[in-house]
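Please read the following walk through the model with the structure open beside the text. It begins with the covalent cross-links and then turns to the packing of side chains.

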Amino acid sequence: MPTELRLALRKIIPNPSRLRMWLCVSTILVLPLTSSFVYSQIRDEITPAPIMPHRYLVIYRNQTIPSDAESHIRSAGAKLISRSGHLGIVAVQTSPAEDDATALSKLRSQPNVAYVIHDQVISAERLHLKVAPATFSVVIGKPNPAPYDTYYNSPQGWAVQQVGGYGDNVPGGPAHGPWDITQGKGIRIAVIDSGVDENHPDIAPNLALNLSEVDQTVYPSPCDDGSPQDQSGHGTWTASLAAGALGPGTGLVVGVAPQATILNIKVLERMPALMNGASIADECEAGQASGLLSWVLQGINDAIANRADIISLSVGAVADLTTGDGAGLKAAFDSVTYAAAQANAVLVAAAGNDGFDLSNPRYVVLPAQSRGVLAIEASTNPNCAQSAGQNDACTPGPVTLAYYSNYNIPGALAAPGGSYPEGADTAATGWVRGACSSGLAGTIDGPPSDSAHSMGCFSFGHTAYVQAMGTSASAPLAAGVAALIRAAHPDWDAATVVSAMQSSAVAVPGLPIPEVNAATALGLQ
């Protein structure tokens, strides 16, 4: 399933037998096994990512681009198209007539070059999804106030509350807690994803930056206009979990840090699925968010430039460090994530949804195991214990590692990602409720071939809310916790915030790693 960089998003729902298999593997492999079968499984499932022909990233030693680098690149028959001087990385393009092996050889032979890797096509980390039913309002006579925080003020607010998103007498969670101290005001959370819906009532009040790294002259799509607006759904969902707004005039969900500022940095666009004989509309509906590795790296770099306090990365893919591409990919991520950490940003990243045991140092999940990044694995809902049967009812049970989560990542913490069974609207559920995208303002669902159409929430059209599960939820929930800690302790640097998250994480019976918790981090428990 994974590619060299996979950010996850899938509309498939595993059948019960497949889910039981994953549950069995997760239950067995959390033990300290060293079976060669586990590692051969990882090796067999890692496949190279699709590449952008004739585009490469050159990574220089000591994060230093030589002053004569451009002339050397020209002598190799390539053109320098962008540079990140403080990261020691340049993007180059070669002639279509140049074969790949020759281009790589010439570029690798340049002075001070550590790695040359292909600029890769990446796709969003696959989620299991369930659309929320549409909500309609009928006004008879005097209008009633619009509903707000409805999902938070129901059993479906469990994930935000489980990590400490409650207090200040806000209905739905415990009356007192971290929100008595702070709701994250003044903290800037960069969401590196597929964009956000800037008009969504849970997003708009906290949105301060709309930026897109997408360059459709390089990688065009008939399903997305490349603007910062989310036309896939994934980014709006993750942003709402970190910093969905609270109170009258907002929407139906609430994030962990509901007064934090959202920096929207779009690095993925919706791309069509390949379907024989299907229309563009059908291919776009079935498509998923994809982009270029260079866009992701630039997105992190721009988060630094825009003074992000927290960077949330719902991305996770396993790389084999014994391969040149794997080692080069890690070097590229290490360069940009270390720079972000040195700029005093807290970075959190999803562990990935492949169910892999990553105790073997040969394999790493990126960017979660990049330098300066806190990896987050997925946990479950104790009020709706993980179960193999899709039609099972919710019953209380232990918090466990979600069946799909990668695990045994050194230094990782847990945060809710959700699991089966699912629950009805506002009822107890193992899934995670969040906001979704209604596409471009003033449009209806469909490919953006004209100004009247745009794509929205995954394959569900223009839909405001969705239930989903994946480590893509775990990372922004942890990012929200980091935001609360930073707001409560504005004098703390990023390393101190991460240390506080680690030292205060709660040991939970049945969960192999501790779970992040804002209440314990702020000394309330």
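**Cross-links, cores and rings**

In this predicted model, Cys436 is joined to Cys457 by a disulfide with an S to S distance of 2.1 Å. The link of Cys436 and Cys457 is right-handed, with 95 degrees about the S-S bond. Because Cys436 lies in the loop between β18 (432-435) and β19 (444-445), while Cys457 lies in the loop between β20 (453-454) and β21 (465-469), the pair ties together parts that are 21 residues apart in sequence. Both Cys436 and Cys457 are buried.

The structure holds three disulfides, and another of them is formed by Cys223 and Cys284, whose sulfur atoms are 2.0 Å apart. This pair links distant parts of the chain, with Cys223 in the loop between β8 (207-212) and α6 (234-243) and Cys284 in helix α7 (residues 280-285), 61 residues apart. The torsion about the S-S bond of Cys223 and Cys284 is about -80 degrees, and the disulfide is therefore left-handed. Cys223 is buried, at a relative accessible area of 0%, and Cys284 is likewise buried, at 0%.

A disulfide also joins Cys384 to Cys394, with 1.9 Å from S to S. Here the torsion about the S-S bond is about -65 degrees, so the link of Cys384 and Cys394 is left-handed. Cys384 and Cys394 are ten residues apart, and each lies in the loop between β16 (373-379) and β17. If the bonded cysteines of the chain are numbered in sequence order, the pairing reads 1-2, 3-4, 5-6.

The packing of nonpolar side chains comes next. The largest nonpolar core has 61 residues, and those with the most contacts inside it are Ala190, Ile192, Ile311, Leu313 and Phe333. Leaving aside residues up to four places away in sequence, Ile311 touches Ala190, Ile192, Ile300, Ala303, Ala340, Ala345, Val346, Leu347 and Val348. Apart from this core lies another, of 55 residues, which includes Ile310, Ala415, Val466 and Ala519.

Strand β17 (residues 413-416) contains Ala414, which is buried, with a relative accessible area of 0%. Not counting residues up to four places away in sequence, Ala414 touches Ile376, Glu377, Ser379, Leu511, Ile513, Pro514, Glu515 and Val516. Ala402 is twelve residues from Ala414 along the chain, and the C-alpha atoms of Ala414 and Ala402 are separated by 9.9 Å.

What remains is the aromatic rings. With ring centres within 6.5 Å as the criterion for a pair, the count comes to six aromatic pairs. The rings of Tyr403 and Tyr404 have their centres 5.1 Å apart and their planes at 80 degrees, so this pair is edge-to-face. Both Tyr403 and Tyr404 are buried, and together with Tyr420 and Trp431 they form one aromatic cluster.

Which residue has its charged end over the ring of Tyr338? That residue is Arg371, whose charged end sits 3.6 Å from the centre of the Tyr338 ring. Arg433, in turn, lies over the face of Tyr151, at 4.0 Å from the ring centre.

Note on methods: Residues are numbered from 1 along each chain as its sequence is written. This is a predicted model: local features need pLDDT of at least 70, side-chain atom pairs count only at pLDDT 80 or more; totals for chains, interfaces and linings use all residues. Side-chain values use heavy atoms; hydrogens and water are left out. A nonpolar core is a set of buried Ala, Val, Leu, Ile, Met, Phe, Trp, Tyr and Cys residues joined through side-chain atoms within 4.5 Å. Buried means under 20% relative accessible area, exposed over 50%, partly exposed in between (1.4 Å probe, protein chains only). Contact means heavy atoms within 4.5 Å. Rings of Phe, Tyr and Trp (its six-membered ring) pair if their centres lie within 6.5 Å; planes under 30 degrees apart count as stacked, over 60 as edge-to-face and the rest as tilted. A charge sits over a ring if NZ of Lys or CZ of Arg is within 6 Å of the ring centre and within 35 degrees of the ring normal. Helices (H or I, at least four residues) and strands (E, at least two) are DSSP runs, numbered from the N terminus. A disulfide is a pair of cysteine sulfur atoms within 2.5 Å.
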